[in-house]
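Dear colleague,

I am passing on to you the structure we spoke about, and below it I have set out what was found. Please keep it open beside this message as you read.

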Amino acid sequence: MKTRLLIILITFCFIQICFSQEDDGVVSLDLPIRNSLVFNRFAINPTFSFVREQNKYFSITNKREWVQFNDAPETYFGTYSGRFAENIGAGLAVFQQNYGVLTTFGGLLNFAYNAKLNTNSNLTFGLNVGAYKSGVNTANVITNFDDPSFQNVPSNLLLTVNPGINYGTEFLDFGISINNIVLYNFESSTLIQDDPRQGIQAHVMHTGYLSGRGFFEDTKVSALLKSEFRKDETIISGLAMINVPKGLWVQLGYNNVFGVSGGLGINVTPNIAIEYNIEKAIGDMIDFGSSHNITLAYRFKSNQNYNYSGDDDVSGLFSKKGPKRAVVKASKVELEEIRKRAAERKTQTELDIKAKEKAAVEADAKEKLETEEKAIKDAKEKTEQLEKQKAIEAAEANAKIEEDKKAKLREETRAKIRANQKAKREAEAQAKLIAEQKAKEEAVAQAKQIAEQKAKDEAEAQAKLIAEQKAKDEAEAQAKRIAEQKAKDEAEAQAKQIAEQKAKDEAEAQAKRITEQKAKDEAEAQAKQIAEQKAKDEAEAQAKQIAEQKAKDEAEAQAKQIAEQKAKDEAEAQAKQIAEQKAKDEAEAQAKQIAEQKAKEEAEAQAKRIAQQKAKEEAEAQAKLIAQQKAKDEAEKQTKLIVDQNTEEESTVNPNDKLGKSMLSIEKETDNSKIKQAELLKQFDDIVETKNKDLKDLKEENDLSDQGIIVQPRPFKSVTAENNALRSIKSNLDEVIEARTEKIEELKALYEKRTRIKNTELDEVNLYYKKKIKRLSEEQLKAIDTRSKLVVKLESIRAATEFEKRRRIKRAVFDNEEDRYSQGRSRLRNIIKTTPLRKTPLKVEDFDFGEEQGNNIKIIKNVQYVESGYYLVLAVHNNVEKRNDFLTKVVASGRKDIDFFYDVGTSKYYIYYEKFSDIQAATNALKAKGNRSYNQKMSIVKIENK
């Protein structure tokens, strides 16, 4: 009796907790690690070992579910994971899960690789590969006697694969993963087909910071929204975390299956952390009670500052602070005596410094002259290249045409190969489907013959009627499936065509790429159409051949079957015709709905772009604040280092005489001024590096454009504030260097005075200050040399930047205006076609008129694609989005003859709707512009083309 009760209990445990296993004891991988955004994140998505990660972790986790039950589920999870390089994340885990008498033990290997798209865009690929063994732990089975059935309990070794992908911006992450996409059983050497734990998981995650002060300063906020779609259920969950930099974080979560959760984490030290989470079941599982999760982790702090990382400076609850020492200052009489004594030495030092500065200036001037000569030489070479470019323009055009033809031919060849491969696969699939259908029909026919033979003796006429009705039902079902599949394929093709058209209209920033993509899409579409037609013809021919052979065999075997097949074919044809008409009607309704949805999506996209621009500006401001805070922290760190160094040095000497105390006081002043001097040198270096980065970006833009790669031109940056700050830093730096040099000279004078005292030449204080003065002098010479080098570098950057700016202006003439023009025409037609009229008129303040033109007539020369004449210009923009917004509002106000032209010399768009051949007519039209909101800042622009 007890044995039966134990077997019933084991069966219930298997059904309630391990319902994903089949009759052979196979269990899907489903780790209950879902309540933390700090540790073991790669168990949520394979890319999370890299995404928003800065360090590596070693952690041990224990989760006990439904603790109020005996032998409740329990999981042990040990991991080593995190960020291993600028673009690589990885992880290794060992786990064991106990569900009563069922045990699963195995390991998990993770790898994530990041592809940086641009400054704030990252695409990360991840993969989790797990190997584990599942089965019944007979050691936990308690029986009163030996049961032979437990000697044959199955044990399975399984391999599972979980891929994932994540796209990250500055604050947002979007991603998907496929859980248990492959589940392979080594015991049976088969792939598990019906896996209830197999599903697609999608997530959206936001990572940001609070602008608080004090304890909550730089507090990080993270939120994760996740949905998992399985065969029999959909799981929706959310998780939010607030992480205070002082070493404390709080987490809250919700899961529509497992309930609500809450957690608390603490950094005991910057390396050691502990986290606790509790999960409370709700709904149908409320009787199961609570689950508890505790994690102990060791953080390996990285010395590198990775990009696209989510961990800031980590602090612990316990820190140490060193004692502060008092500073002894010399009296005024002693300082006066020191200054008099040091006057002569100071003069000599100043002469030495001036000589060195003169030499440095001469070297700087020489290097500057060489830089300018090189720049002139480069400009001369560039001019010669441009002249040669004009001479061989025709040859290059022909070469480009030939290259385009070859590229098109290669693309057509690749498209044809892909189409042939696709056609081959479709033909094979079609043949397989036909073969299966034929086998099925033959099996049905054979069963039907047996049934007819059996029923012939009883009621031959009744059997015939039943067989005919069965064939008709099968034909209708088959026709219905074919019609539904065809309607689905046509709707997908229609949606794909509309999506391609939308992508073509909206890709305004990449005109040349769109043109090439369009040609490629047309070639692929044509190749696809040919391949589909060919596959269809082959499939129809093959189906026809099979049908003819089948008809011949059936005719020879039995005339009765031929008649039934004929009736079946007629029913299929009639059902097919009805289905085609129905599919056509549904496709038309679908196309209308998609068109309406497209207009709505374009309006939403416009609003989204404006919101993204605003978010980008806010993010840049936030990044600037973070950079300033980081610089401040580095300065404080440097200050602490110097103070610690001074403290260490001070501990080695403690003079008691007046001269020694005065020397100690001056030493402190020089050390304190070193902090400010180092900070100013760093600020000077940061500005130089900023200008150097701007130069590199400008040069990269010019180089890419010379290679034919179209990039968005960088706007010319206003450097007035930056130059003012630079002048202030240089002035302050010179003052600090001069003041610190004077202090060092005073210290030298005091040292010489003390060495002349009898029996002090070799005492501890003099020996100490002999080394100290030597080190201070070397530091000061090094600081002066660093300043001189920065001045030289800054001057060379300035000369190179001016050259690149001139190069950029010259390059603008050679931009591909045809692509820009085609793209702009397409966008204008789309705006006029899709923008509805507004019921309420727009006000003047609703329009962004861009650059003010004034009352004078502006003259622009050599504008392509427009005729010479006088144009009534409504607005002037140098931004495509602002241009499109103004055009949309004018069209919504009722004017659809709006147009614009582009001036490559100034990179600006001029929006107009009227053009005149003489100045008098244009002036009269300007006076009669009326009171329309969009006409309020109208001006006249004259175009003069050669």
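Are Tyr-902 and Tyr-909 buried or exposed? Both Tyr-902 and Tyr-909 are buried, where buried stands for under 20% relative accessible area, exposed for over 50%, and partly exposed for what lies in between, with a 1.4 Å probe and protein chains only.

Before going further, please note that this is a predicted model, in which local features need a pLDDT of at least 70 and side-chain atom pairs count only at pLDDT 80 or more, while totals for chains, interfaces and linings use all residues. Residues are numbered from 1 along each chain as its sequence is written, and side-chain values use heavy atoms, with hydrogens and water left out.

Confidence comes next. The protein averages a pLDDT (the predictor's confidence in each residue, from 0 to 100) of 76, and 63% of the residues score at least 70. Helices (H or I, at least four residues) and strands (E, at least two) are DSSP runs numbered from the N terminus, and confidence is lowest in helix α1 (residues 2-17), with a mean of 41, and highest in strand β7 (residues 172-179), at 94. Over residues 320-330 the pLDDT stays under 50, and the model has eleven contacts for them beyond four places in sequence, a contact being heavy atoms within 4.5 Å.

Strand β7 is also the place of Ser-177, which counts as buried at 2% relative accessibility. Leaving aside neighbours within four places in sequence, Ser-177 is in contact with several residues, among them Ile-44, Pro-163 and Gly-199.

Now to a sheet. It is an open one of five strands in the order β17-β21-β18-β20-β19, with mixed pairing, and two strands are said to pair if DSSP finds at least two bridges between them. β17 (858-861) and β19 (899-903) stand at the edges with a single partner strand each, so one side of each has no neighbour in the sheet. Neighbouring strands of this sheet are turned by 45° against each other on average, direction ignored; axes are lines fitted to C-alpha atoms, for helices over the stretch in contact, and angles run from 0 to 180 degrees between N-to-C directions. β19 pairs with strand β20 (residues 908-916) in the antiparallel sense over five bridges, and Phe-901 stands opposite Tyr-910 in β20. Helix α11 (residues 919-927) packs on the sheet, where it touches β18 (869-877), β20 and β21 (939-944), and its direction makes about 45° with that of β18.

Finally, the aromatic rings. Rings of Phe, Tyr and Trp (its six-membered ring) pair if their centres lie within 6.5 Å, and planes under 30 degrees apart count as stacked, over 60 as edge-to-face and the rest as tilted; by this rule the count comes to 20 aromatic pairs. The rings of Phe-847 and Tyr-934 have centres 6.3 Å apart and planes at 70°, so this pair is edge-to-face. Phe-847 lies in the loop between α9 and β17 and Tyr-934 in the loop between α11 and β21, so the pair ties together parts that are 87 residues apart in sequence. Phe-847 counts as buried at 7% relative accessibility, and Tyr-934 does so at 4%. The rings of Tyr-902 and Tyr-909, with centres 4.8 Å apart and planes at 50°, form a tilted pair. One aromatic cluster is formed by Phe-847, Phe-849, Phe-886, Tyr-913 and Tyr-934.

With best wishes
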